[in-house]
Amino acid sequence: MAVNIHRVTEAELEEQKAYEKRVSSVLQKRYENRPLACVVTYGCQQNVADSERIKGMLAEMGYGFTEDRHSAKLVVFNTCAVREHAEDRVFGNVGALKKYKLANPDVIIALCGCMMQQKHIAERIHDSFPFVDLVFGTHVVHRLPQLLYSALTQRRRVFELPDTDGVIAEGLPVVRDGGTKAWLPIMYGCNNFCTYCVVPYVRGRERSREVGDIEKEFRELVESGVKEITLLGQNVNSYGKDLEPRVSFSELLRRLASLDGDFRIRFMTSHPKDCTKELLETMAQCDKVAEHLHLPFQSGNNRILKAMNRGYTREHYLELINYAKELMGDSLSITSDIIVGFPGETYEEFLDTVSLIKEIKATSLFTFIYSPRVGTPAAKLDDPVSYEEKSKRLRELLAVQEEISASQMALHKGKTFKCYVIGKGKLGDNYLAARTDGNLIIEFEGGERLIGTFVDVTVTEPLTYVLKGEIKKQ
C-alpha cells in the first residue's frame, strides 16, 4: 500500500516561526504580565514527548507555565484514545472548565492528540463543548503557532483535523519535563492494525526519523547533562524500514551507544513479531543499553492472538524470551502488556495467559480489561462475557503475578547495581528512588544532591515491587 509521508520543509517551519512572533505580539498587547499556559497530558510517553514540543512552541510565543488550570490563559489537553477510561477523564476535565471559561472569556481552551483525530470525538466536542476554542489533530502539532494565532484573533472556533498518512517535523523547540532523563522519539505511527487498537487510525503510518537527526538530538541531550534517554516509537523494532538506505533498530542502538558520555539508553515499545535475535544480542553486548525488555504479548492463547492480528504465536514469543534470558540471565528485566477479556475469550483461553506469565516470570505487568474502540474490527465482535467476569479474571491474574514479582525481586538480595537516581522515594522522608539497568526500583537513604546521578546500591531487602538498599560502601 502506497503511503504519503510528509517531511515538513524549512519554509513551512519558518512560516510557523513568523506566526510565533505574531502570537507574541498579540499577547504583549493583551496582557500586562506574561500569560501562563497549562498543558495537561494523558496517555503514553509519545504524548508526553508531543507535549514537550507543544510547550517548546508556547515558550517561543511568550507563555509561561503553570499546573493550575484556573490561573492559565491557555489550557491544552493532549489526549489519549487507547482506552475508554482516558477519554472519560478528558470529557470530565474539559467540562469542569466551563464556568472558568464563562468567567474569563479571554482564556483559550484547546484539545489535541489521539482522541481528537477520531471523527466522532471531534463532532462531540464541536456540538457539546461550545466553549472549546481550538481542536487540532496529531498531524498538525507543528502548526500550533498558526492555529493559536487564528484562535486568538478570529471570532470563531478553530478545528484542524486532516486525515493523512502522517508527517515528520524536525527542529521544533522543546521544553523537557524530565531534568536529567528524556524521551526521544525515533519514529511515529503504526502499520500493525491490531484489531483492538485505534493507534494506526489516529497516528498514521509508520515513519522513521533520519539517523542524523536522531544522533544530533541525542548528542545535544547528553551534552546538556541528560543521563537516561528513552527511545520512543509505537513499534521501535520497525525503525528504519522506510529509510533509504535502510537502517535497522539494532544498528541505530549500536550507533547511539557508541557515542561519548555517561548515559543509559532505554526503548519502548517493542512488538514481538518484529523483535529479532539481533536486537536481543545488541542489548546484551552494549553496556549503555539497558537490559530491560518491554515486550507486550497481550494474550497467551494462539486463537486470541490471531483474532487480535498480533502476527506471532505463544511459542514464538517464548522463544524470544528464552533467548533473551540465555543472553542476559538474571540481569534481564521483562515487562509486558496484557489484555483480559478480548471479545469471545473463554476462561480456558484466559488460563493460557495465566500459564504464560508463570513461564516468562516478568518483573511486572501492565494489565487492562478490553476496551472497545470505535472503528476497530474487534469492536464489532460478539462479546458475551460480562465486565464483572472480566474483572474477576483480572484479579486472578494479578494475584498470580504478585507472587511472581515477589519471587523475582528476591533473586536480587545482596546484589549491587549501578542505579540512576530518579527522585524522592516513598519508604521514608530521607529515601531516594533509583532505577537499575533492568528497570527495577531501589530505594535507599541519601541526600537529594544524588538525584540525577548514577550510584552503586546494594540490595538489603527485596519487597514485592521495589527493592530496599543502601549505597555501596567504598
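**Group meeting: strands, salt bridges, cysteines and a cavity**

Okay, let's start with a strand pair: E19 and strand E21 (residues 467-471) run parallel to each other, joined by two bridges. Pairing here takes at least two DSSP bridges between the strands, and helices (H or I, at least four residues) and strands (E, at least two) are DSSP runs, numbered from the N terminus. Before going on, the housekeeping: this is a predicted model, where local features need pLDDT of at least 70 and side-chain atom pairs count only at pLDDT 80 or more, while totals for chains, interfaces and linings use all residues. Residues are numbered from 1 along each chain as its sequence is written, and side-chain values use heavy atoms, with hydrogens and water left out.

Back to E19. Its isoleucine 442 has leucine 467 as bridge partner in E21. E19 (residues 441-445) also pairs with strand E18 (residues 431-435), this time antiparallel, over five bridges. There, alanine 433 is partnered with glutamate 443 of E19. E18 and E19 make a hairpin with five residues between them, and asparagine 439 in the turn has a positive phi of about 75°.

Now, salt bridges. Counting a side-chain nitrogen of Lys or Arg within 4 Å of a carboxyl oxygen of Asp or Glu, the whole structure has 28 of them. One of them joins arginine 203 to aspartate 50, with the closest N and O atoms 2.9 Å apart. Arginine 203 is in helix H7 (residues 199-203) and aspartate 50 in helix H2, so this pair ties together parts 153 residues apart in sequence. Both arginine 203 and aspartate 50 are buried; that label means under 20% relative accessible area, with exposed over 50% and partly exposed in between (1.4 Å probe, protein chains only).

Next, glutamate 215 and arginine 255, whose closest N and O atoms are 3.2 Å apart in their salt bridge. Here helix H8 (residues 211-223) holds the glutamate and helix H9 (residues 249-257) the arginine, so parts 40 residues apart in sequence are tied together. Glutamate 215 counts as buried at 12% relative accessibility, whereas arginine 255 is partly exposed at 33%.

Then glutamate 319 with lysine 277, at 3.7 Å between the closest N and O atoms. That one links helix H12 (residues 314-328) to helix H10 (residues 277-285), with the two residues 42 apart. Glutamate 319 is partly exposed at 41% relative accessibility, and lysine 277 is partly exposed too, at 39%. There's also a salt-bridge network that takes in Glu52, Arg53, Glu170, Arg176, Arg209 and Glu217.

Cysteine 38 is buried, at 3% relative accessible area. Cysteine 194 has the sulfur of cysteine 197 as its nearest, 6.1 Å away, and cysteine 194 is buried at 6%.

Of its 13 lining residues, the closest to the centre are Asp50, Thr138, Val141, Val167 and Tyr188. Helix H2 (45-61) and strand E8 (167-168) each give two or more residues to that lining.

On terms: a cavity is a set of points on a 1 Å grid over the protein atoms alone where a 1.4 Å probe fits but cannot get out, and lining residues have an atom within 4 Å of a point.

Terms used
1 Å grid on protein atoms, 1.4 Å probe; cavity = no way out; pocket = protein on both sides within 12 Å on 5 of 7 lines; lining within 4 Å. Disulfide = S-S within 2.5 Å.
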